Amino acid sequence: MVTAQGAKMKILVQMLSPCLLSVTFIAAAFLPAFTQNQEAPPQTHGVNVANMDRSVKPGDNFFEYANGEWVQRTEIPPDRPGVSVFSQLSDVSDKRTAGLIDEIAKSKPAPDSGKAKIADLYNSFMGEVAVDAKGMGPIKPHLDAIAAIADKQQLAAALGKTLRADVDALNNTNFHTPNLFGLWVAPGFDDSAHYTAYLLQGGLELPDREYYLADSEKMRDIRTKYQAHVAASLKLAGFSDPDARAERIITLEHAIAEKHLSLAEDQDVHKANNTWTQADFAKKAPGLDWAEYFRAAGLAQHANFIVWQPSAFVAESALVASTPLETWKDWLSYHLVENSAPYLSKPFADENFAFFGTVLTGQPQQRPRWQRGVILANRLLGDEVGQIYAQRYFSPDAKAQAEQMVTNIVAAFNKRIDALAWMAASTKAEAKAKLSTLYVGIGYPETWTDYSGYEVKADDLFGNVWNGTLFQYHRELARLGKDVNPREWTMFPQTVNAVNLPLQNALCFPAAILQPPFFDPQAPAAANYGAIGSVIGHEVSHTFDTEGSAFDSKGRLRNWWTPSDLSHFEEAATKLAQQYDGYEPFPGVHINGKQTLAENIADLAGIAASYDGYHASLGGKTAPFQDGFSGDQQFFIAFGQNYASKLREAMLRRQVLTNPHSPGQYRASTVRNIDGWYSSFEVQPGQTLYLAPADRVRIW
Ligand SMILES: [Zn+2]
């Protein structure tokens, strides 16, 4: 949760990334653009003194002190809402991944090898002439099958065949599927030792129910354009009466949207723990022929499901019964055309982008084809690409060094928990049990996905995508009921992100985030602890906060805090909320201390634990000076440099209103709560960030 772009609790940044194994083909259109010639972060080791503005007193504005020159010389690219150290690193990683795939594609690898699959998949995307020549041919048999549906029983089977493993409620947090429902296979809420089937609501092509329901001019405009787009897509696919069909399809989607839970409601895990037997579906949610649905989905033998949003299942099933068969057939046809469009000929791909790219995200231009090819290879063969990426860009030495940092930071947390005056002994014991079983994955997973069952052909783009998502689905089905591997990853090494996996009591830091300026094996320990160490500490602390307290040391959904613990925690937290309420980025516009509280606590806990871990790592020795800075000074400057960012004014306003993370400059200011910062920089009363010792907030 390092950047201003973050929007969710569990992962470091929330963006629709290529790692989301989604059947939502359109997702590619949402990916942030990366430019091939983007300037890489300067290759210095340790804190970057060229980024600092030493004319500013650290005690007056620590963000400016650490980043002033960077802010001065960095320009926001015209196609971005902002720029940050994080987005620059992301560009570097994307370029590397592109280079690797390109290298493999040109290397003529052995047939059927993993590398051959990468090359064939990439080449099938790059063969634009062949793709264009096929037109809509690849989806024709699927459209014919939909046209042949004669009754609601056959409809149930067709709907069952669309189920994919394309949602993820807690790890990579993706609640959206355009299919009627989505499957997530993960450790069970009550039995976290075995993989369980979670079913989530779905059925909408637009990203969220708000797009159908919100009564704003902006949303009304989007809906008008959406209707024209649906009609245009149907017309391209040769349907008669496209306007009338589009209207019926959107009316159905609107009816589904009305019954969907909101994103905020989706995130309440306590409301999601609803186990239904297969027989329960027909009783509790009549309408859809569930037996036929599960049979077609390959789930006939599966007994129990966790239904995330029961009310939506009741409503969507009822809609299957109450809505005419022909409308459902149009809905199925349109969804097939839409989800396949990026992999069909140019008119389909262009129509898809004009709406989902330009209208929905403001992106004026489709990115070059090679970039989209890279994204696809990452999405369908992410571990295959990731193995090569990790080998090339993440050394065993870097891994060992990062793991040692984790050990020191976790040990620091242990000591801090022991020292807490407000926490009950029983809660402390469970917190320490959670720490002792916490798995922290560094760089890359211990086991890799075996793609040998996935057949890839160099001349069949649509088939590759179709089979790739089916391969993923069947792989997930095969895991149901099996023992959980608590060290399993949900991200690829080449993904610039980090994730907290509450059901596994695990954290993962992919190789792509363990790069300068966050982490550099050649940098002094001070800089690494200040930068990535604080990020590690931040994620560890989420394991114990108000969200983390919903899951115990075995990843089971169980509240293990006493009411008195929670109230003490909230009391200390209120002080921190007030501190952030005091920040005023625009006249009259303050940071919302409550909205950003969980992330601010994690920042504070993260730097505090990493500071302790850093000192423990010195083993009693004095850290060497670098560029005239002591070890402690380097530690704090590196922390401040994590948050170098520059946002357009509209984006900054939006962040203040909607993001659970504070803007970078205020995140950097949390150093004012750490005693060591005062002695390191001789911060004096009267300076802007100075807090009297009693006013410094200590939570963990
Ligand atoms: Zn966070």
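Author: Two strands count as paired if DSSP finds at least two bridges between them. Strands (E, at least two residues) and helices (H or I, at least four) are DSSP runs, numbered from the N terminus. Please keep in mind that this is a predicted model, where local features need pLDDT of at least 70, side-chain atom pairs count only at pLDDT 80 or more, and totals for chains, interfaces and linings use all residues. Residues are numbered from 1 along each chain as its sequence is written, and side-chain values use heavy atoms, with hydrogens and water left out.

Now to your strands. Strand β6 (residues 439–443) and strand β8 (residues 506–510) run in the parallel sense and are joined over five bridges. Within this pairing, Val-440 faces Leu-507 of β8. As for cover, five of the five residues of β6 are buried, where buried means under 20% relative accessible area, exposed over 50%, and partly exposed in between (1.4 Å probe, protein chains only).

If you follow the chain on from β8, you reach Pro-517 in the loop between β8 and α22 (525–542). The peptide bond leading from Pro-516 to Pro-517 is cis, with omega near 5°.

Buried residues account for 60% of its 700 residues. A compact globule of 700 residues would have a radius of gyration near 27 Å, and the chain agrees with 26 Å; the value is taken over C-alpha atoms, and the globule rule is 2.2 Å times the number of residues to the power 0.38. Of the contacts (heavy atoms within 4.5 Å) with a separation of 6 or more, 74% are between residues 24 or more positions apart.

Next, the rings. Rings of Phe, Tyr and Trp (its six-membered ring) pair if their centres lie within 6.5 Å; planes under 30 degrees apart are stacked, over 60 edge-to-face, and the rest tilted. The structure holds 55 such aromatic pairs. One of them joins Tyr-293 and Phe-294, whose centres are 5.7 Å apart with planes at 80°, so this pair is edge-to-face. Both of these residues are buried. In another pair, Tyr-583 and Tyr-666 have centres 4.7 Å apart and planes at 25°, so they are stacked. Tyr-583 belongs to the loop between α23 (563–581) and α24 (597–618), and Tyr-666 to helix α27 (residues 664–668), so the pair ties together parts 83 residues apart in sequence. Both Tyr-583 and Tyr-666 are buried. Ring pairs also link a cluster whose members include Phe-62, Tyr-529, Trp-677 and Tyr-678.

A charge sits over a ring if NZ of Lys or CZ of Arg is within 6 Å of the ring centre and within 35 degrees of the ring normal. Likewise, the charged end of Arg-164 is placed over the ring of Trp-466, 5.5 Å from its centre.

Then come the charges that meet each other. Side chains of opposite charge can pair when their charged atoms come close. A salt bridge here is a side-chain nitrogen of Lys or Arg within 4 Å of a carboxyl oxygen of Asp or Glu, and the count comes to 25. Arg-558 and Asp-552 meet at 2.9 Å, N to O; Asp-552 is buried at 0% relative accessibility, while Arg-558, at 37%, is partly exposed. Arg-698 and Asp-675 form a salt bridge at 2.8 Å, N to O. Arg-698 lies in the segment after α28 (675–681) and Asp-675 in helix α28, so this pair ties together parts 23 residues apart in sequence. Salt bridges with shared partners also join Glu-430, Asp-552, Arg-556 and Arg-558 into one network.

Glu-682, in the segment after α28, has a positive phi near 50° although it is not a glycine, and at 62% relative accessibility it is exposed. Asp-241, also not a glycine, has a positive phi of about 45°; it lies in the loop between α8 (217–236) and α9 (242–259) and is exposed at 55%.
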